[in-house]
Amino acid sequence: MALRTPLYQAHLDAGARMVEFAGWDMPVQYKGLLEEHAAVREGCGLFDVSHMGEILVTGPRALEALQRLVTNDLSKCKDGQAQYSALCNEQGFVIDDIIVYRFSADRLFVCVNATGREKDFAWMKAHELEGSHFEQQSDAWAQIAVQGPKAAALVDSLCAPHVIDLANYHFRVAVVAGIPDCIAARTGYTGEDGFEIFCAPARAHELWNKLLDAGRSVGAMPCGLGARDSLRLEVAYRLYGNDMDDAHTPLEAGLGWIVKLDKAGGFIGADALRAQKSAGLSRKLVGLKLTGKGIARHGYPVRAQGSSDSVGVVTSGTMSPRLKEPIALAYVPTALAAEGTLVDVEIRGKPVAAVVVKTPFVPPSTKA
Amino acid sequence: MAQYPETLRYTKDHEWARIDGNVAVVGITFFAKDQLGDVVFLELPAEGTVVKRGDPFGVVESTKAVSELFAPVSGRVVKINQALVDAPDGINDDPHGKGWMVEIMMSTPAETADLLTSEQYEAGLAH
């Protein structure tokens, strides 16, 4: 049986349609994907993301131990700041993409994907240094994402101390709606301003209800994984397991900006990534817009225009609710990766014209 | 609660057919569109295409899912709802009316005897 978050009953009560995702019974939609998508772009939406995992790293060598595991440079992440990053194996392939929340050099909190709860923890634990301690905390936290142009003011209205001053990718421990010891982080996966709030699972339902009550006047509504996926795809945020995995490197996935090859002390996978970078990438993740009729979906082949040979593959695709155009991410050979390159996506056996475009498809509106 | 008009016939694959002489007007049911979620794309065969009962004749896609359309009867597609192809969200609003997809000139009208009544279809949904 699939796992349930502390908000499972809340989803059923709200009439959500549930699906299994990464072993969890999760709401895919409540009222409808398009309505929920619009609510987040224009007002405020709430997402239960309690399926995600958390790992706490403590000890005098916590920073050093984690720094060796992540591609980004934690020495550039200040206390109270969060940093998007990736775990790679020795071959430079992506084990997971993560967010590291730095409380201090000896206390860092890591949010991982649902599929990474055990896998990431085992990897980290295997690389623990004396003087560092990795602690599995995935069952000790629920997480609610509050996203949209009206989300930050809503969250702030319930927070003590206030959090509205926080810049993007910064966080603070706060009492939220009377619930102590929450972590309010100005992060998200929608391209909108907002917060992700970590809280004790026993208080999650209460927090969910209080957020919805307080958000009623601004039209805050519960949103499912369906809208979460279309929102993140419009801003070209990668989805682990779709757009990258342990057969692709972060460089290929277009995440070079979180790969700091020259950081002091290096990191696992750096040698392989350095070699790949100097040899040049043979394939890249690019954005596509379909100019022919159809919607590209995960797994559909990509061909050079007019060719019958499959040379690439769609990793994510949808009809963009904002642009009302079919958009996709796809791996293509570097020779086909330049903006403006015409390709065909094979949809049910037939070629459908597409063009390589710049991503994000929709510019993010996150706080500066 | 969804209403399944008694004037329509249904398949267990959630298509409906309105039989008018030798012509069957075909669409998908409220249940089907409700399961799909917001419909954003529709692909229909060219007029003149010959279809066989039970075979796929088109594709409907929602924001999340791709679903094939299965012909409830055999025959030749004599008309398609181009307005719906151009604006597939019409299915979301009125699946049993404006959401009609194709008209099929039936080659074997006796097949309609195998279609479900609204009562039978609704009973099937209850399981």
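**Entry 1. Basis of the model**

I note that this is a predicted model, in which local features need pLDDT of at least 70, side-chain atom pairs count only at pLDDT 80 or more, and totals for chains, interfaces and linings use all residues. Residues are numbered from 1 along each chain as its sequence is written, while chains are lettered from A and ligands numbered from 1 in the order in which they are written.

**Entry 2. Chain A as a whole**

I counted 8 helices and 20 strands in chain A. For these I used DSSP runs, numbered from the N terminus: helices are H or I with at least four residues, and strands are E with at least two. The C-alpha trace of chain A spans about 60 × 50 × 40 Å along its principal axes. I then compared the radius of gyration, 20 Å for chain A, with the value near 21 Å that a compact globule of 368 residues would have, and the two agree. The radius is taken over C-alpha atoms, and the globule rule is 2.2 Å times the number of residues to the power 0.38.

Of the 368 residues in chain A, 50% are buried. I also examined contacts, where two residues qualify if their C-beta atoms, placed from the backbone, lie within 7 Å. Among contacts in chain A between residues at least 6 apart in sequence, 67% join residues at least 24 apart.

**Entry 3. Domains of chain A**

I recorded three parts of chain A: domain 1 (8-50 + 141-234), domain 2 (53-139) and domain 3 (282-357). These bounds come from an automatic or database domain assignment. The C-alpha centres of domain 1 and domain 3 of chain A lie 32 Å apart. Where these two domains meet, 7 residues of domain 1 of chain A are in contact with 6 residues of domain 3 of chain A. On the domain 1 side, α2 and α7 of chain A each supply at least two residues, and the largest share, 4 residues, comes from α2(A). By class, I found 3 nonpolar, 2 polar and 2 charged residues on that side. In this scheme Ala, Val, Leu, Ile, Met, Phe, Trp, Tyr, Cys and Pro count as nonpolar, Asp, Glu, Lys and Arg as charged, and the others, Gly among them, as polar.

**Entry 4. Helix α7(A)**

I returned to α7 of chain A, residues 225-234, and noted that 9 of its 10 residues are buried, so the helix is largely enclosed by the rest of the structure.

**Entry 5. Chain B as a whole**

I found 4 helices and 9 strands in chain B, in the sequence pattern β-β-β-α-β-β-β-β-β-α-α-β-α. The radius of gyration of chain B is 13 Å, close to the 14 Å of the globule rule for 127 residues, so chain B is as compact as a globular protein of that length. Its C-alpha atoms fill a box of roughly 35 × 35 × 20 Å along the principal axes. Buried residues make up 43% of the 127 residues in chain B.

**Entry 6. A sheet in chain B**

I traced an open sheet of 3 strands in chain B, in the order β4-β6-β7 with antiparallel pairing. Two strands pair if DSSP finds at least two bridges between them. β4 and β7 (66-70) of chain B stand at the edges, each with a single partner strand, so one side of each is left without a neighbour in the sheet.

I counted 4 bridges between β4(B) and β6(B), where B:F41 stands opposite B:E61. Another 5 bridges join β6(B) to β7(B); here B:V60 stands opposite B:S67, and B:G58 stands opposite B:L69. A hairpin through 3 residues joins β6(B) to β7(B). In β6(B), 5 of the 7 residues are buried, so this strand is largely enclosed by the rest of the structure.

**Entry 7. Where the chains meet**

Finally, I looked up the interface: 9 residues of chain B are in contact with 13 residues of chain A. On the chain B side, β4 (39-43) and β6 (56-62) each supply at least two residues. That side has 4 nonpolar, 2 polar and 3 charged residues.

Methods. A residue is buried if 20 or more other C-beta atoms lie within 10 Å of its own, exposed if 12 or fewer, and partly exposed in between; C-beta atoms are placed from the backbone.
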